[in-house]
Amino acid sequence: MHSTTIRPLLAARPTAPLTTAPGAALRVPGDKSISHRALMFGAMAVGETVITGLLEGEDVLRTAAAMRQLGAEVTQDGALWRVAGRGVGGLIEPSDVLDMGNSGTAARLLAGIVASHPFFTVMTGDASLRSRPMRRVTVPLAECGARFTSREGGRLPLAIEGAADPLPLDCTTSVPSAQVKSALLLCGLNARGITRVVEREATRDHSENMLRHFGADVTVEAEGHGRIITLRGQPELRAADVVVPGDPSSAAFPIVAALLVPGSRVVIEGVGLNILRTGLFTTLREMGAALTVLNARVAGGEPVGDIVAEYTELRACDVPPERAPSMIDEYPVLAVACASARGVSRMRGLKELRVKESDRLSATAALLKVNGVRVEIEGDDLLVWGDGGQPAGGGQVLTHMDHRLAMSALVMGLSSATPVAVDDTSFIDTSFPGFIGLVNGLIGNGGGDALRAA
Ligand code: S3P
(Lines give C-alpha, C1' and ligand atoms only; values in the text may rest on other atoms or scores of the structure.)
Protein backbone atom coordinates (compact mmCIF):
# COMPACT_ATOMS: atom_id res chain seq x y z
CA MET A 1 0.00 0.00 0.00
CA HIS A 2 1.03 3.62 -0.36
CA SER A 3 4.30 4.36 1.37
CA THR A 4 4.61 7.60 3.25
CA THR A 5 7.94 8.31 1.55
CA ILE A 6 7.75 11.34 -0.68
CA ARG A 7 9.44 10.80 -4.07
CA PRO A 8 10.55 14.05 -5.70
CA LEU A 9 11.82 13.76 -9.28
CA LEU A 10 13.41 15.88 -11.97
CA ALA A 11 12.31 15.48 -15.60
CA ALA A 12 14.59 16.72 -18.37
CA ARG A 13 14.41 16.87 -22.15
CA PRO A 14 15.93 13.59 -23.35
CA THR A 15 18.95 13.73 -25.63
CA ALA A 16 17.47 10.90 -27.72
CA PRO A 17 13.90 10.23 -28.92
CA LEU A 18 11.42 7.84 -27.31
CA THR A 19 11.29 4.63 -29.33
CA THR A 20 10.13 1.06 -29.11
CA ALA A 21 12.33 -1.45 -30.94
CA PRO A 22 10.68 -3.35 -33.84
CA GLY A 23 8.85 -6.34 -32.36
CA ALA A 24 9.19 -4.97 -28.82
CA ALA A 25 6.01 -2.97 -28.41
CA LEU A 26 5.22 -1.47 -25.08
CA ARG A 27 2.42 -2.58 -22.78
CA VAL A 28 0.83 -0.30 -20.24
CA PRO A 29 -0.80 -1.65 -17.04
CA GLY A 30 -4.35 -2.96 -17.06
CA ASP A 31 -7.34 -0.64 -17.17
CA LYS A 32 -8.08 0.73 -13.71
CA SER A 33 -11.84 1.03 -14.17
CA ILE A 34 -12.16 -2.51 -15.50
CA SER A 35 -9.83 -3.93 -12.84
CA HIS A 36 -11.90 -2.55 -9.93
CA ARG A 37 -15.08 -3.85 -11.50
CA ALA A 38 -13.67 -7.31 -12.26
CA LEU A 39 -12.84 -7.80 -8.57
CA MET A 40 -16.20 -6.47 -7.42
CA PHE A 41 -18.35 -8.46 -9.86
CA GLY A 42 -16.22 -11.55 -9.25
CA ALA A 43 -16.90 -11.21 -5.51
CA MET A 44 -20.66 -11.10 -6.13
CA ALA A 45 -20.76 -13.99 -8.60
CA VAL A 46 -21.10 -17.67 -7.89
CA GLY A 47 -17.94 -19.59 -8.71
CA GLU A 48 -14.37 -18.63 -9.51
CA THR A 49 -13.56 -15.66 -11.72
CA VAL A 50 -10.08 -15.61 -13.25
CA ILE A 51 -8.73 -12.18 -14.16
CA THR A 52 -5.88 -11.70 -16.62
CA GLY A 53 -4.05 -8.38 -16.85
CA LEU A 54 -5.40 -6.90 -13.62
CA LEU A 55 -3.84 -3.54 -12.77
CA GLU A 56 -1.71 -4.24 -9.70
CA GLY A 57 -1.71 -0.58 -8.70
CA GLU A 58 -2.49 0.60 -5.19
CA ASP A 59 -6.04 1.72 -5.99
CA VAL A 60 -7.01 -1.71 -7.26
CA LEU A 61 -5.19 -3.52 -4.45
CA ARG A 62 -7.42 -1.52 -2.06
CA THR A 63 -10.47 -2.94 -3.81
CA ALA A 64 -9.02 -6.46 -3.60
CA ALA A 65 -8.48 -6.01 0.15
CA ALA A 66 -11.99 -4.62 0.64
CA MET A 67 -13.60 -7.53 -1.23
CA ARG A 68 -11.68 -9.90 1.05
CA GLN A 69 -12.97 -8.00 4.08
CA LEU A 70 -16.48 -8.48 2.67
CA GLY A 71 -15.98 -12.24 2.55
CA ALA A 72 -14.75 -13.02 -0.98
CA GLU A 73 -11.59 -15.01 -1.53
CA VAL A 74 -9.21 -13.00 -3.67
CA THR A 75 -5.85 -14.54 -4.51
CA GLN A 76 -2.96 -13.76 -6.79
CA ASP A 77 -1.71 -16.70 -8.82
CA GLY A 78 1.33 -15.51 -10.80
CA ALA A 79 0.03 -13.16 -13.47
CA LEU A 80 -3.59 -14.23 -12.81
CA TRP A 81 -5.98 -13.16 -10.07
CA ARG A 82 -8.68 -15.49 -8.81
CA VAL A 83 -11.87 -14.40 -7.07
CA ALA A 84 -14.10 -16.96 -5.38
CA GLY A 85 -17.38 -15.08 -5.17
CA ARG A 86 -20.21 -15.25 -2.62
CA GLY A 87 -23.15 -14.68 -4.96
CA VAL A 88 -25.43 -11.63 -5.08
CA GLY A 89 -26.45 -10.69 -1.53
CA GLY A 90 -23.88 -13.04 -0.02
CA LEU A 91 -21.26 -10.55 1.17
CA ILE A 92 -20.65 -10.37 4.92
CA GLU A 93 -20.17 -7.53 7.38
CA PRO A 94 -16.55 -6.32 7.42
CA SER A 95 -15.05 -6.55 10.89
CA ASP A 96 -12.95 -3.45 10.42
CA VAL A 97 -12.90 -0.14 8.55
CA LEU A 98 -12.50 -0.35 4.74
CA ASP A 99 -9.59 1.89 3.77
CA MET A 100 -9.90 2.86 0.12
CA GLY A 101 -6.62 4.79 0.02
CA ASN A 102 -6.56 7.31 -2.84
CA SER A 103 -9.34 5.69 -4.89
CA GLY A 104 -12.61 7.49 -5.57
CA THR A 105 -13.77 4.68 -7.84
CA ALA A 106 -13.26 2.06 -5.13
CA ALA A 107 -15.01 4.17 -2.49
CA ARG A 108 -18.02 5.16 -4.57
CA LEU A 109 -18.65 1.77 -6.17
CA LEU A 110 -18.30 0.01 -2.82
CA ALA A 111 -20.72 2.45 -1.22
CA GLY A 112 -23.23 1.21 -3.80
CA ILE A 113 -22.51 -2.44 -3.05
CA VAL A 114 -22.78 -2.24 0.74
CA ALA A 115 -25.85 0.06 0.64
CA SER A 116 -27.98 -2.94 -0.34
CA HIS A 117 -26.49 -5.39 2.17
CA PRO A 118 -27.98 -5.61 5.67
CA PHE A 119 -24.86 -4.76 7.65
CA PHE A 120 -22.71 -1.95 8.96
CA THR A 121 -19.70 -0.62 7.06
CA VAL A 122 -17.26 2.18 7.78
CA MET A 123 -15.15 3.51 4.95
CA THR A 124 -12.23 5.90 4.92
CA GLY A 125 -9.33 6.91 2.69
CA ASP A 126 -6.25 9.09 2.45
CA ALA A 127 -6.32 12.89 2.80
CA SER A 128 -7.13 13.35 -0.90
CA LEU A 129 -10.05 10.89 -0.87
CA ARG A 130 -11.34 12.27 2.44
CA SER A 131 -11.70 15.66 0.76
CA ARG A 132 -13.77 14.39 -2.18
CA PRO A 133 -17.57 14.71 -2.47
CA MET A 134 -19.57 11.58 -1.65
CA ARG A 135 -23.10 13.05 -1.59
CA ARG A 136 -23.34 12.44 -5.32
CA VAL A 137 -23.65 8.75 -4.38
CA THR A 138 -25.01 8.77 -0.83
CA VAL A 139 -28.05 10.95 -1.61
CA PRO A 140 -29.44 8.71 -4.40
CA LEU A 141 -28.33 5.50 -2.65
CA ALA A 142 -30.30 6.45 0.49
CA GLU A 143 -33.46 5.93 -1.60
CA CYS A 144 -32.88 2.17 -1.35
CA GLY A 145 -33.30 2.40 2.43
CA ALA A 146 -29.62 2.61 3.43
CA ARG A 147 -28.47 5.19 5.99
CA PHE A 148 -25.27 7.16 5.64
CA THR A 149 -23.47 9.21 8.27
CA SER A 150 -20.45 11.19 7.22
CA ARG A 151 -18.27 14.13 8.05
CA GLU A 152 -19.38 17.63 7.13
CA GLY A 153 -20.04 18.02 3.41
CA GLY A 154 -20.71 14.29 2.99
CA ARG A 155 -17.00 13.47 3.13
CA LEU A 156 -15.28 10.31 4.33
CA PRO A 157 -15.07 8.67 6.81
CA LEU A 158 -18.50 7.37 6.03
CA ALA A 159 -20.64 5.00 8.12
CA ILE A 160 -23.21 2.98 6.17
CA GLU A 161 -26.13 1.00 7.56
CA GLY A 162 -27.11 -1.10 4.59
CA ALA A 163 -30.80 -1.70 3.80
CA ALA A 164 -32.29 -4.98 5.03
CA ASP A 165 -34.84 -5.07 2.21
CA PRO A 166 -33.38 -2.70 -0.40
CA LEU A 167 -35.71 -0.96 -2.81
CA PRO A 168 -34.74 -0.65 -6.45
CA LEU A 169 -33.63 2.84 -7.47
CA ASP A 170 -35.09 4.98 -10.22
CA CYS A 171 -32.97 8.07 -10.66
CA THR A 172 -31.06 10.44 -12.87
CA THR A 173 -27.41 10.97 -11.98
CA SER A 174 -26.73 14.51 -10.74
CA VAL A 175 -23.36 14.74 -12.54
CA PRO A 176 -21.93 12.99 -15.60
CA SER A 177 -20.07 10.31 -13.64
CA ALA A 178 -19.55 6.62 -14.33
CA GLN A 179 -18.71 6.20 -10.67
CA VAL A 180 -22.14 7.46 -9.63
CA LYS A 181 -23.94 5.45 -12.31
CA SER A 182 -22.03 2.31 -11.34
CA ALA A 183 -22.71 2.77 -7.62
CA LEU A 184 -26.44 2.91 -8.33
CA LEU A 185 -26.35 -0.16 -10.59
CA LEU A 186 -24.28 -2.14 -8.07
CA CYS A 187 -26.79 -1.26 -5.37
CA GLY A 188 -29.57 -2.46 -7.68
CA LEU A 189 -27.97 -5.89 -7.98
CA ASN A 190 -29.22 -6.85 -4.53
CA ALA A 191 -32.58 -5.05 -4.70
CA ARG A 192 -35.78 -6.74 -5.82
CA GLY A 193 -37.24 -5.42 -9.08
CA ILE A 194 -35.97 -3.09 -11.77
CA THR A 195 -33.31 -0.46 -11.08
CA ARG A 196 -33.35 2.37 -13.59
CA VAL A 197 -30.53 4.88 -13.97
CA VAL A 198 -30.65 7.80 -16.38
CA GLU A 199 -27.53 9.73 -17.34
CA ARG A 200 -27.83 12.92 -19.37
CA GLU A 201 -24.39 12.41 -20.90
CA ALA A 202 -23.02 8.97 -21.69
CA THR A 203 -20.12 7.96 -19.45
CA ARG A 204 -17.85 4.90 -19.59
CA ASP A 205 -19.99 1.78 -19.75
CA HIS A 206 -17.67 -0.86 -18.29
CA SER A 207 -20.16 -1.69 -15.52
CA GLU A 208 -22.97 -2.31 -17.99
CA ASN A 209 -20.69 -4.45 -20.19
CA MET A 210 -19.41 -6.45 -17.26
CA LEU A 211 -22.85 -6.94 -15.72
CA ARG A 212 -23.89 -8.56 -18.99
CA HIS A 213 -20.69 -10.58 -19.09
CA PHE A 214 -21.56 -12.01 -15.65
CA GLY A 215 -25.09 -12.87 -16.78
CA ALA A 216 -27.22 -9.98 -15.47
CA ASP A 217 -30.21 -8.71 -17.40
CA VAL A 218 -29.27 -5.14 -18.42
CA THR A 219 -30.70 -2.91 -21.13
CA VAL A 220 -29.18 0.32 -22.40
CA GLU A 221 -31.14 2.84 -24.47
CA ALA A 222 -29.65 5.97 -26.00
CA GLU A 223 -31.45 9.23 -25.24
CA GLY A 224 -29.94 12.44 -26.66
CA HIS A 225 -26.32 12.55 -25.49
CA GLY A 226 -27.27 10.29 -22.59
CA ARG A 227 -28.49 6.81 -21.79
CA ILE A 228 -31.13 4.99 -19.81
CA ILE A 229 -29.94 1.81 -18.14
CA THR A 230 -32.20 -0.76 -16.56
CA LEU A 231 -31.13 -3.73 -14.48
CA ARG A 232 -33.25 -6.59 -13.18
CA GLY A 233 -32.33 -7.06 -9.51
CA GLN A 234 -31.14 -10.19 -7.74
CA PRO A 235 -29.80 -12.04 -10.76
CA GLU A 236 -27.63 -15.04 -10.23
CA LEU A 237 -24.28 -13.69 -11.34
CA ARG A 238 -22.09 -16.46 -12.70
CA ALA A 239 -18.31 -16.29 -12.46
CA ALA A 240 -16.83 -15.17 -15.79
CA ASP A 241 -13.21 -14.75 -16.75
CA VAL A 242 -12.07 -11.22 -17.45
CA VAL A 243 -9.25 -10.09 -19.74
CA VAL A 244 -8.30 -6.54 -18.77
CA PRO A 245 -7.07 -4.36 -21.67
CA GLY A 246 -4.26 -1.81 -21.30
CA ASP A 247 -5.53 1.41 -19.76
CA PRO A 248 -5.99 4.17 -22.37
CA SER A 249 -5.71 6.72 -19.55
CA SER A 250 -2.24 5.35 -18.73
CA ALA A 251 -1.23 4.97 -22.40
CA ALA A 252 -1.96 8.70 -22.71
CA PHE A 253 1.33 9.63 -21.00
CA PRO A 254 3.84 7.77 -23.21
CA ILE A 255 1.71 8.72 -26.24
CA VAL A 256 1.83 12.45 -25.51
CA ALA A 257 5.52 12.20 -24.59
CA ALA A 258 6.24 10.58 -27.98
CA LEU A 259 4.24 13.28 -29.81
CA LEU A 260 6.26 16.01 -28.10
CA VAL A 261 9.86 14.71 -28.20
CA PRO A 262 11.37 15.14 -31.72
CA GLY A 263 12.14 11.91 -33.57
CA SER A 264 10.03 9.69 -31.29
CA ARG A 265 7.93 6.74 -32.38
CA VAL A 266 6.36 4.34 -29.89
CA VAL A 267 4.02 1.40 -30.35
CA ILE A 268 1.77 0.47 -27.43
CA GLU A 269 0.05 -2.90 -27.62
CA GLY A 270 -3.39 -3.96 -26.43
CA VAL A 271 -4.81 -0.58 -25.40
CA GLY A 272 -8.53 -0.38 -24.55
CA LEU A 273 -10.40 1.62 -27.20
CA ASN A 274 -13.94 1.78 -25.82
CA ILE A 275 -15.35 4.89 -27.53
CA LEU A 276 -16.47 6.27 -24.18
CA ARG A 277 -12.77 6.44 -23.24
CA THR A 278 -11.02 7.68 -26.37
CA GLY A 279 -11.80 11.43 -26.45
CA LEU A 280 -8.10 12.22 -26.00
CA PHE A 281 -7.14 10.27 -29.12
CA THR A 282 -9.85 12.06 -31.14
CA THR A 283 -8.58 15.41 -29.86
CA LEU A 284 -4.92 14.65 -30.55
CA ARG A 285 -5.81 13.67 -34.11
CA GLU A 286 -7.67 16.98 -34.52
CA MET A 287 -4.40 18.62 -33.42
CA GLY A 288 -2.69 16.85 -36.33
CA ALA A 289 -1.04 14.10 -34.26
CA ALA A 290 0.42 11.12 -36.10
CA LEU A 291 -1.55 8.59 -34.13
CA THR A 292 -2.68 5.35 -35.70
CA VAL A 293 -4.38 2.19 -34.50
CA LEU A 294 -3.24 -1.21 -35.73
CA ASN A 295 -4.84 -4.63 -35.19
CA ALA A 296 -8.17 -3.29 -33.94
CA ARG A 297 -9.91 -6.27 -32.33
CA VAL A 298 -12.22 -7.25 -29.47
CA ALA A 299 -10.66 -8.88 -26.41
CA GLY A 300 -12.55 -9.73 -23.24
CA GLY A 301 -15.65 -7.96 -24.56
CA GLU A 302 -13.88 -4.59 -25.02
CA PRO A 303 -12.41 -3.11 -28.23
CA VAL A 304 -8.61 -2.97 -28.13
CA GLY A 305 -5.84 -2.07 -30.55
CA ASP A 306 -2.16 -1.27 -30.84
CA ILE A 307 -1.39 2.43 -30.94
CA VAL A 308 1.45 4.00 -32.89
CA ALA A 309 2.38 7.54 -31.83
CA GLU A 310 5.00 9.58 -33.71
CA TYR A 311 6.46 13.00 -33.04
CA THR A 312 4.30 15.70 -34.63
CA GLU A 313 4.21 19.49 -34.64
CA LEU A 314 0.77 19.97 -33.11
CA ARG A 315 -1.77 22.73 -33.62
CA ALA A 316 -4.09 24.05 -30.91
CA CYS A 317 -7.42 22.37 -30.12
CA ASP A 318 -10.92 23.42 -29.15
CA VAL A 319 -12.46 20.55 -27.18
CA PRO A 320 -16.28 20.61 -26.88
CA PRO A 321 -17.80 20.10 -23.42
CA GLU A 322 -19.74 16.99 -24.47
CA ARG A 323 -16.45 15.20 -25.08
CA ALA A 324 -15.38 15.61 -21.44
CA PRO A 325 -16.73 12.31 -20.04
CA SER A 326 -14.77 10.34 -22.66
CA MET A 327 -11.46 11.93 -21.67
CA ILE A 328 -12.05 13.22 -18.16
CA ASP A 329 -8.76 11.87 -16.78
CA GLU A 330 -6.71 13.05 -19.75
CA TYR A 331 -7.02 16.85 -19.54
CA PRO A 332 -3.83 17.44 -17.52
CA VAL A 333 -1.65 15.66 -20.09
CA LEU A 334 -3.60 17.20 -22.98
CA ALA A 335 -2.90 20.63 -21.47
CA VAL A 336 0.81 19.75 -21.49
CA ALA A 337 0.50 18.88 -25.20
CA CYS A 338 -1.28 22.21 -25.81
CA ALA A 339 1.69 24.06 -24.28
CA SER A 340 3.82 22.79 -27.21
CA ALA A 341 1.12 23.26 -29.87
CA ARG A 342 0.75 26.30 -32.10
CA GLY A 343 -2.12 28.58 -31.10
CA VAL A 344 -4.59 29.02 -28.27
CA SER A 345 -6.25 25.82 -27.09
CA ARG A 346 -9.57 25.82 -25.30
CA MET A 347 -10.86 22.85 -23.29
CA ARG A 348 -14.49 23.45 -22.44
CA GLY A 349 -16.76 22.37 -19.61
CA LEU A 350 -14.23 21.01 -17.09
CA LYS A 351 -16.26 21.44 -13.90
CA GLU A 352 -15.81 17.79 -12.87
CA LEU A 353 -12.02 18.23 -12.93
CA ARG A 354 -12.30 20.23 -9.73
CA VAL A 355 -13.30 17.14 -7.71
CA LYS A 356 -10.76 14.56 -8.86
CA GLU A 357 -7.82 13.31 -6.77
CA SER A 358 -7.03 17.05 -6.54
CA ASP A 359 -8.66 20.16 -7.94
CA ARG A 360 -7.19 19.22 -11.30
CA LEU A 361 -8.40 22.33 -13.07
CA SER A 362 -6.44 24.71 -10.80
CA ALA A 363 -3.54 22.31 -10.38
CA THR A 364 -3.16 21.81 -14.16
CA ALA A 365 -3.21 25.56 -14.69
CA ALA A 366 -0.57 25.96 -11.95
CA LEU A 367 1.57 23.18 -13.51
CA LEU A 368 1.71 25.08 -16.80
CA LYS A 369 2.10 28.54 -15.31
CA VAL A 370 5.06 27.62 -13.16
CA ASN A 371 6.75 26.37 -16.34
CA GLY A 372 6.32 29.65 -18.20
CA VAL A 373 3.16 28.78 -20.16
CA ARG A 374 0.37 31.33 -20.47
CA VAL A 375 -2.83 29.79 -19.17
CA GLU A 376 -6.24 30.99 -18.03
CA ILE A 377 -9.31 29.48 -16.43
CA GLU A 378 -12.49 31.09 -17.80
CA GLY A 379 -15.50 29.72 -15.96
CA ASP A 380 -15.13 25.96 -16.46
CA ASP A 381 -12.87 26.30 -19.51
CA LEU A 382 -9.11 25.96 -19.58
CA LEU A 383 -7.16 28.04 -22.11
CA VAL A 384 -3.54 27.33 -22.98
CA TRP A 385 -1.29 29.43 -25.21
CA GLY A 386 1.41 27.70 -27.24
CA ASP A 387 3.72 28.96 -30.01
CA GLY A 388 4.72 25.60 -31.40
CA GLY A 389 8.07 25.77 -29.64
CA GLN A 390 9.25 24.26 -26.38
CA PRO A 391 7.81 25.69 -23.20
CA ALA A 392 10.39 27.27 -20.88
CA GLY A 393 10.04 24.69 -18.07
CA GLY A 394 12.23 25.14 -15.00
CA GLY A 395 9.26 25.08 -12.62
CA GLN A 396 8.64 23.24 -9.39
CA VAL A 397 5.29 21.42 -9.75
CA LEU A 398 3.02 20.62 -6.80
CA THR A 399 1.07 17.40 -7.41
CA HIS A 400 -1.38 17.38 -4.46
CA MET A 401 -1.43 13.55 -4.01
CA ASP A 402 -2.58 13.21 -7.63
CA HIS A 403 -0.99 10.51 -9.82
CA ARG A 404 -2.10 12.01 -13.11
CA LEU A 405 -0.72 15.44 -12.26
CA ALA A 406 2.60 13.82 -11.37
CA MET A 407 2.82 11.96 -14.71
CA SER A 408 1.70 15.07 -16.62
CA ALA A 409 4.40 17.14 -14.91
CA LEU A 410 7.02 14.57 -15.90
CA VAL A 411 5.85 14.73 -19.54
CA MET A 412 6.10 18.52 -19.26
CA GLY A 413 9.74 18.09 -18.23
CA LEU A 414 10.44 15.83 -21.22
CA SER A 415 9.12 18.51 -23.60
CA SER A 416 10.49 21.68 -21.95
CA ALA A 417 13.70 23.62 -22.53
CA THR A 418 14.73 23.45 -18.84
CA PRO A 419 14.17 20.50 -16.44
CA VAL A 420 10.98 20.42 -14.40
CA ALA A 421 11.00 19.45 -10.70
CA VAL A 422 8.07 17.47 -9.32
CA ASP A 423 7.43 17.55 -5.57
CA ASP A 424 6.17 13.95 -5.17
CA THR A 425 5.76 11.14 -7.70
CA SER A 426 4.93 8.39 -5.19
CA PHE A 427 1.20 8.49 -6.05
CA ILE A 428 1.96 7.30 -9.59
CA ASP A 429 1.89 3.81 -8.06
CA THR A 430 -1.89 4.09 -7.62
CA SER A 431 -2.45 3.62 -11.37
CA PHE A 432 0.86 3.12 -13.21
CA PRO A 433 3.45 1.14 -11.25
CA GLY A 434 6.75 1.13 -13.16
CA PHE A 435 6.03 4.37 -15.05
CA ILE A 436 9.43 5.96 -14.44
CA GLY A 437 11.41 2.90 -15.58
CA LEU A 438 9.15 2.43 -18.58
CA VAL A 439 9.64 6.01 -19.82
CA ASN A 440 13.41 5.95 -19.22
CA GLY A 441 13.50 2.61 -21.06
CA LEU A 442 11.92 4.21 -24.14
CA ILE A 443 14.72 6.69 -24.47
CA GLY A 444 17.22 5.28 -26.89
CA ASN A 445 20.97 4.76 -26.57
CA GLY A 446 22.82 7.60 -24.95
CA GLY A 447 19.61 9.32 -23.85
CA GLY A 448 20.45 8.93 -20.18
CA ASP A 449 17.72 8.90 -17.54
CA ALA A 450 15.44 11.77 -18.45
CA LEU A 451 13.42 11.10 -15.28
CA ARG A 452 15.74 11.02 -12.28
CA ALA A 453 15.98 11.70 -8.57
CA ALA A 454 15.84 15.40 -7.83
C1 S3P B 1 -14.02 6.15 -13.27
C2 S3P B 1 -14.77 7.22 -13.65
C3 S3P B 1 -14.26 8.60 -13.73
C4 S3P B 1 -12.74 8.66 -13.74
C5 S3P B 1 -12.13 7.72 -12.76
C6 S3P B 1 -12.58 6.29 -13.00
C7 S3P B 1 -14.66 4.82 -13.18
O8 S3P B 1 -14.76 9.31 -12.63
O9 S3P B 1 -12.30 9.97 -13.48
O10 S3P B 1 -10.71 7.78 -12.85
O11 S3P B 1 -13.94 3.81 -13.12
O12 S3P B 1 -15.90 4.76 -13.18
P13 S3P B 1 -16.23 9.97 -12.69
O14 S3P B 1 -17.12 8.92 -13.15
O15 S3P B 1 -16.58 10.42 -11.31
O16 S3P B 1 -16.08 11.12 -13.65
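**Chat about the ligand site**

User: Where does the ligand lie relative to domain 1 and domain 2?
Analyst: Between them, because domain 1 (9–29 + 245–453) and domain 2 (32–243) both give residues to the shell around the ligand. Keep in mind that this is a predicted model.

User: OK, which residues are around the ligand?
Analyst: They are Lys32, Ser33, Arg37, Thr105, Ser177, Ala178, Gln179, Arg204, Ile328, Asp329 and Lys356. By type, the shell has 5 charged, 4 polar and 2 nonpolar residues.

User: Which helix gives the largest share of that shell?
Analyst: That's α1, with 3 residues. Helix α1 covers 32–43, and both α1 and α5 (178–189) supply at least two residues each.

User: What does the side chain of Arg37 do with the ligand?
Analyst: An N or O atom of the Arg37 side chain sits 2.7 Å from a ligand oxygen.

User: And how far is Ser177 from a ligand oxygen?
Analyst: A polar atom in the Ser177 side chain is 2.9 Å from an oxygen of the ligand.

User: How much of the ligand does the protein bury?
Analyst: 96% of the 380 Å² that the ligand exposes when taken alone. The space the ligand takes is also the largest cavity.

User: Switching topic, what's up with the peptide bond from Leu156 to Pro157?
Analyst: That bond is cis, with omega near -5°. Pro157 is in strand β9, residues 155–161. For background, most peptide bonds are trans.

User: What about the backbone at Asn295, is phi positive or negative there?
Analyst: Positive, near 50°, and Asn295 isn't a glycine. Most residues other than glycine have a negative phi.

User: Which strand is Asn295 in?
Analyst: Asn295 is in β16, which runs over residues 290–299.

Terms used:
Residues numbered from 1 in each chain as written. Predicted model: local features only at pLDDT ≥ 70, side-chain atom pairs only at ≥ 80, totals over all residues. Heavy atoms only, no water. Near = heavy atom within 4 Å. Polar contact = N/O pair within 3.5 Å; in protein donor to acceptor, adjacent residues only side chain to side chain. Areas by Shrake-Rupley, 256 points an atom, 1.4 Å probe, with all protein chains shown as cover. 1 Å grid on protein atoms, 1.4 Å probe; cavity = no way out; pocket = protein on both sides within 12 Å on 5 of 7 lines; lining within 4 Å. Sits in = over half its atoms within 2 Å of the grid points. Helix = DSSP H or I, 4+ residues; strand = E, 2+ residues; numbered from the N terminus. Nonpolar A, V, L, I, M, F, W, Y, C, P; charged D, E, K, R; others polar. Domains from an automatic or database assignment.
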